Amino acid sequence: MLLFRLAGPVLRITRLLIILGVLIASVILIAIPEAYFAKNQTFSFSISDQSEIAAHLDKSLSDLLENKAHTDEPITLHVRSIEASTKMSPVLKILAALVLSYFCIISILLINQILVVLENIKNGMSFNAQNLKALKFISLIFLLNPLIQYVFHFILSIWVSFQYHIEDLSANVNYDMNWGELMVGVLIYALAIAFEQGLKIQQENELTI
Amino acid sequence: MKILRLFAKLLSIAKFILLLGAIFAFTSLFSKYSEDPVYLLPYRNIDLGIYWTLQSPEMEEEMNAMLNTDGMVEFRKIEPMVKDTFGHRIGVYIFSVILIVGFYLLLHFSSKLILQIVEGNIFDSKNQFYLKGISILVILYAVLTPVISQLLTEYLRSTQSYEHLILRSNPGSNVYALTLGALISALSYAFSIGIKMREENEMTI
């Protein structure tokens, strides 16, 4: 009880911070467009195990760290991933703006619906049509969000591999489906069905009285 | 309803696959430790957010010259994998066991709850117990992950340190999981009201 009473104010502050962040970002974007985006974008790349680069980097690393390690046990190091930065292209700028807008909209929508449910339960109106609608909407967001993110990362990975093709290196933009989020979506959908039943029982009780 | 039933069955299967996978992973890690060194870092795989980065201008220059990417990209950070020590392996094992037990219970409670709802046993004290269990597990995950990550990072910093290598800890924000835990906790409270309503309804009939 205490936790979800506390969650309401915390969520309201979070929503306010998101809106303020979006407003500040929009003002900066309109006033000084070139200052809005970072000059460089960083990607992570994996190195093929059997490649010359991997062997060369491992050797360079052991030479570099020779006699400089302070450890209780002998160490061996392998370089398998590196980060590279590239200048922000117009395509990357548009993508970054789209991703940011998407997350802000989704977060605000989700927070609004969660607040509706929390407020109603706090006020003793657990089973009503508003809660039912909000729960169905929350479950829809949880079910669709991982699918949208998966498609986005798939497109991004194709674009990055096409744009930055480097031998023996592969860009780490692959994205695994967020099964946890999907599970939460189904669970909340099941709870929405339970609430539908609760609403019916409540209406029957009211009619009897 | 059919999809929900199917999903509940899938969750029950996932629960057993999780157990089998855990047994297989533990036995293979134990057997490997006695033979070859195993490179466990970076820890990103198990969500602890601990990783090493190498920051060396010499190596950056070397990389850029070797790859000859015509200035298209410039290499900044290099992430090496470090041979794990017995102490940190134990830390990872303990965290993995806690995580596996937690996920098993989460899958168990979720599948049971969905099956109960599909079968029409909605406002039941068992369901309220499952919902409470789910909310506690989600909140514990949100609270414990950064604590364990920080403890393990401090341990690693005290036992292994290298020049040019920086150990970073970034378990990420858990506000999302906390919000979810609060929402499920509120829904479990609503379920307790639903149970009372159902009892009243049955008494009237």
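The expected span of a helix is 1.5 Å times one less than its number of residues. That rule is applied to helix 4 of chain A in the first view. The model shown throughout is predicted.

**View 1. Helix 4 of chain A, end to end.** Helix 4 covers residues 90–122 of chain A. Its 33 residues should span 48 Å. The end C-alpha atoms are 48 Å apart, which agrees with that expectation. Several residues of helix 4 are buried, among them L92(A), C104(A), I106(A) and L110(A). Further along, the buried residues include I111(A), I114(A), L115(A), V117(A) and L118(A). N120(A) and I121(A) are buried too. Just after the helix comes G124(A), with a positive phi of about 75°.

View 2. E119(A) and R12(A) join through their side chains in a salt bridge, at 3.1 Å from N to O. E119(A) belongs to helix 4 and R12(A) to helix 1 (residues 2–31), so the pair ties together parts that are 107 residues apart in sequence. E119(A) has 25% relative accessibility, so it counts as partly exposed. R12(A) is partly exposed as well, with a relative accessible area of 35%.

View 3. K122(A) counts as partly exposed because its relative accessibility is 33%.

View 4. K136(A) forms a salt bridge with E196(A). Their closest N and O atoms are 3.9 Å apart; the cut-off for a salt bridge is 4 Å. K136(A) lies in helix 5 and E196(A) in helix 6 (residues 179–208), so the pair ties together parts that are 60 residues apart in sequence. K136(A) is partly exposed, with a relative accessible area of 34%. E196(A) is partly exposed at 31% relative accessibility. A search of the whole structure finds 3 salt bridges over all chains.

View 5. S139(A) sits in helix 5 of chain A, which runs over residues 129–163. Its relative accessibility is 2%, so S139(A) counts as buried; the cut-off for buried is under 20%. The side chain of S139(A) reaches the backbone oxygen of K136(A) at 2.9 Å. Leaving aside residues up to four places away in sequence, S139(A) touches G185(A), I188(A) and Y189(A).

**View 6. Chain A as a whole.** Chain A holds 6 helices and 4 strands. From the N terminus, its elements run α-α-β-α-β-β-α-α-β-α. Of its 209 residues, 40% are buried. Among contacts between residues at least 6 apart in sequence, 79% join residues at least 24 apart. The accessible surface of chain A is about 11,900 Å², and carbon and sulfur atoms account for 65% of it.

**View 7. Chain B as a whole.** Chain B has 5 helices and 4 strands. Along the sequence they follow the pattern α-β-α-β-α-α-β-β-α. Buried residues make up 45% of its 205 residues. Chain B exposes about 10,500 Å², with 65% of that supplied by carbon and sulfur atoms.

Notes:
Residues are numbered from 1 along each chain as its sequence is written. Chains are lettered from A and ligands numbered from 1 in the order in which they are written. This is a predicted model: local features need pLDDT of at least 70, side-chain atom pairs count only at pLDDT 80 or more; totals for chains, interfaces and linings use all residues. Side-chain values use heavy atoms; hydrogens and water are left out. Helices (H or I, at least four residues) and strands (E, at least two) are DSSP runs, numbered from the N terminus. Buried means under 20% relative accessible area, exposed over 50%, partly exposed in between (1.4 Å probe, protein chains only). A polar contact is a pair of N or O atoms within 3.5 Å; within protein, one must be able to donate a hydrogen and the other to accept it, and residues adjacent in sequence count only if both atoms are side-chain atoms. Contact means heavy atoms within 4.5 Å. Accessible areas come from the Shrake-Rupley method with a 1.4 Å probe; for residues, only the protein chains shown count as cover.
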